[in-house]
Amino acid sequence: MLYREAGQFKTSYAADQQIFPILQDRIGVIAVLVLAFVVVPLVADQYWLGAILTPFLIFSLAALGLNILTGYAGQLSLGTAAFMAVGAFMAYNVQLRIPGMPIIGSFILGGLCAAAVGIVFGLPSLRIKGFYLAVATLACQFFVLWALQRFGWFSNYSSSGVITAQKMVILGYELDSPQAKYLLTLFVVAGLALLAKNLVRSETGRAFMAVRDMDVAAGVIGIRLMHTKLLAFAISSFYCGVSGALYAFCYLGTVEPEAFNLDLSFRVLFMIIIGGVGSILGSFLGAGFITLFPIFLSVLSQTISHATGMEISHAIVSNLELIIFGALIIFFLIVEPHGLARLWQIGKEKLRLWPFPH
Amino acid sequence: MQSQRKIGAPVLVVEGVSLSFGGVKALQDVSFDVREHEVRAIIGPNGAGKSSMLNVINGVYHPQQGRITFKGETRSDMNSHEAAAMGIARTFQNIALFKGMTVLDNIMTGRNLKMRTNFLQQALWIGPAKREELEHRRKVEEVVDFLEIQHIRKTPVGRLPYGLQKRVELARALAAEPEVLLLDEPMAGMNMEEKQDMCRFILDVNDQYGTTIVLIEHDMGVVMDISDRVVVLDYGRKIADGTPDGVRGDQKVIDAYLGVAH
Amino acid sequence: MEFAFFIEVLAGGLLAGVMYSLVALGFVLIYKASGVFNFAQGAMVFFAALTFVSLVERGWSFWLALVVTLAVMVVLGLAIEKVVLRPLVNQAPITLFMATIGLTFVLEGLSQLVWGSQPHGLELGVPDVPIEWLSQKTNINISQFDLFASAVAGILVAVLAVFFQKTRIGRALRAVADDHQAALAVGIPLKQIWGIVWAVAGFVALVAGLMWGVRNGVQYALTFVALKALPVLILGGFESIAGAIIGGLIIGASEKLAEVYLGPYVGGGIEGWFAYVIALVFLLFRPQGLFGEKIIERV
């Protein structure tokens, strides 16, 4: 009843092209944005902002990047963490070596460096596909981490390659509270998400999906495969790079190359599998799920501990986490390969009819 | 159902094309021409090399010998991107639609060569990108109207029945506003009604837009009805070339279809 | 002196390569029979080794532990086929691949949940020391254990090769690998075949797990051997047993040689990624590997 589209006719192509053509969707999105930008910073506590919401946003951005490459353009990548690492370390270096560089500028340059690395390691995609390409991206993953550790320049010659992110100052305000970091992250992520949404609905997005669905046919109708694939790598790596920079500056504060290991690449891959491959919303849902789930599990185990008096060790919880993650991946792949985003869509369809059964 | 437009000079000339895969000779020394605005059919028993011939014309396969002349330019092989840019569009035997996208999006991809804005402009959705998208949307809607597929524009292509998928593929080819349209068995798997609709669309395209059409087809009735001239291939060689009536009576053609040893 | 050292490094590399091949074999088996790239092979190796070693540490005899672990692996293989693969049987290969990534996590968590996460040492009776008379005569050090592992690998490969080429089941497996539908059409019981394949892969995983367990100890890092097997598979082709062996030898040798002779110029540590670079270069020029089949895409 609430979600009826009846009466909402589009009388121009422009109206049909809107991101949220249905009025109720628009209201919903505005509500979420108001909540995120205004309400949350005022009411949420340190822990929620610093340990849950900020990393959730950062991972959403990484998932968005991977989704552009793997979900929309169909190029499987296991090197996400490597691109994040490039973004983080290059943003640090730019901030360090170029005096007076605004922090956003460092983020952007970090992202651009990641994009460049992405293009180089995306070159194999011109000849190979599927899991062979995944192996090529693994090469990138290992090589980048090795390079960051081996060449001291990246970490300003600190031992073991650790870097400490510098303080962030925008227009004279120092951003060191969880609220400030949260808002900066939110601002960056929301902006890039909007750009991504526009991009996937445009000709570039269509070219990506064409290459994903049937690249031979795409080539035949005139889409330039090399250009399209490398562009996908570049944009995706840019997003992952910025996400990495945020990871270092707004969340961890201190990072080393090991923090961007293969495990992290897999996590981001899981986010898009669970959230929905080829969906902007899915990137957020998947990131949210994977960020919140360990917390949920540990709270659950603590509750059970208190209730039954049994000690559930941390090791048990983290192993259970592994098992459940793995099982969920398999579950989603079997039951709903399009992930949470599809479930959300199904939910909306049901909502259209509610309270009628059909 | 003969249409009445002026058939012009040869716009596509195939000379001495030979193609083999490993040891298999798909085409051997095939030569023919296609005149502007005509409907040219390529027929022949299964395995005669008809699809391979289309693939050579639009650059998917590269022949070992021979030349193709299109709009005055001669090459020893085409590159598929160039072919598309020069105005050749095609449909495929086994439907090469993008299953993950809607009908509208699929047809829009046909416009990609005409789009000029870059990804940055599109991401920011500023003036030029917005204008371009809407202008091409208008064009695509014309094709949608022409092929009467308005009711399925937002449907994901994978969900459509076979006949409609074929129509969408034709729409995508038409969206590119091609000069030459290569159709690979456009009526395969269709029932009588669908075939009549498809024939009507093909003839309308030829009539209204003057598009030169080269089509592979098995249904003899269709071939006789709508084509101006016919090329017959068998085992990779050309065995006849002429008007439908002329070819129908040719003994070599009859033998090829009846499977007489030769 | 130089030459002896070179031989030593080369031999060490080749023998390390044999170890990689052992793991790669498991991949090849499953890929050959079901077209699935089983990323969880590494986790299976780990699980097998951990189960065996834990049983032995609890006082079970070597042979009893071996048999029981084998039985467990077989049951595991059958369970995987039924729960994970069968529901996904018609999906794209990428989906199946991602399912095996999920499976990896499940197995890793399960292994440690059941058996704990401390590292274990493993002894098989053959010490990891250089062969006496060889070292004394030629100054070349080659580990006894490496030789033993190669012998084991050789026997395993021979057995598998005979199995695939000569037996009825082997033929059925090859048919299934080629074309599921066609195999069904001639009456090959697909589900049974897959069950058998996964069981055999489990067995191979056990052998690999034992060898690696002696070499590196049985610990979580064992799961990463799977990653080392990937370049081997690319070099050798995903479907070839011979390819797995030869690919393994090449990768093992090149890695060690590169580390020793090129490493000093770039500060060392290139063993971590060198194999991948070789694989990458190979991919660009010969995507199907040395022995794989070339796939021609027709439109």
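How many residues of chain A are in contact with how many residues of chain C?

## The A–C interface

The answer is 32 residues of chain A against 38 residues of chain C, where contact means that two C-beta atoms, placed from the backbone, lie within 7 Å. On the chain A side, helix H6 (130–150), helix H10 (262–275) and helix H12 (314–335) each supply at least two residues. H12(A) gives the most, with 13 residues.

Some ground rules before going on. This is a predicted model, in which local features need pLDDT of at least 70 and side-chain atom pairs count only at pLDDT 80 or more, while totals for chains, interfaces and linings use all residues. Residues are numbered from 1 along each chain as its sequence is written, with chains lettered from A and ligands numbered from 1 in the order in which they are written. Helices (H or I, at least four residues) and strands (E, at least two) are DSSP runs, numbered from the N terminus.

## The sheet in chain B

Chain B has an open, mixed sheet of 6 strands, ordered S6-S7-S8-S3-S9-S10; two strands pair if DSSP finds at least two bridges between them. S6 (88–90) and S10 (237–242) of chain B each have a single partner strand, so one side of each is left without a neighbour in the sheet. On average, neighbouring strands are turned by 20° against each other, direction ignored.

Look at S3 (residues 39–43) and S9 (residues 229–234) of chain B: they run parallel and are joined by 4 bridges. One pairing to pick out is B:Ile42 with B:Val231 in S9(B). Helix H10 (residues 251–258) of chain B packs on the sheet, touching S9 and S10 of chain B, and its direction makes about 130° with that of S10(B). Angles run from 0 to 180 degrees between N-to-C directions, and axes are lines fitted to C-alpha atoms, for helices over the stretch in contact.

## Helices in chain C

H2 (residues 41–57) of chain C has 17 residues and should span 24 Å at 1.5 Å a residue, which agrees with its end C-alpha atoms being 24 Å apart; the expected span is 1.5 Å times one less than the number of residues. In H2(C), 13 of the 17 residues are buried (20 or more other C-beta atoms within 10 Å of a residue's own, all placed from the backbone). Just after H2(C), C:Gly59 takes a positive phi of about 100°.

Further along, the axes of H10 (residues 225–236) and H11 (residues 241–266) of chain C come within 8 Å and cross at roughly 120°. The contact includes C:Pro231 and C:Leu235 of H10(C) and C:Gly243 and C:Ile250 of H11(C).

How values were computed. A residue is buried if 20 or more other C-beta atoms lie within 10 Å of its own, exposed if 12 or fewer, and partly exposed in between; C-beta atoms are placed from the backbone.
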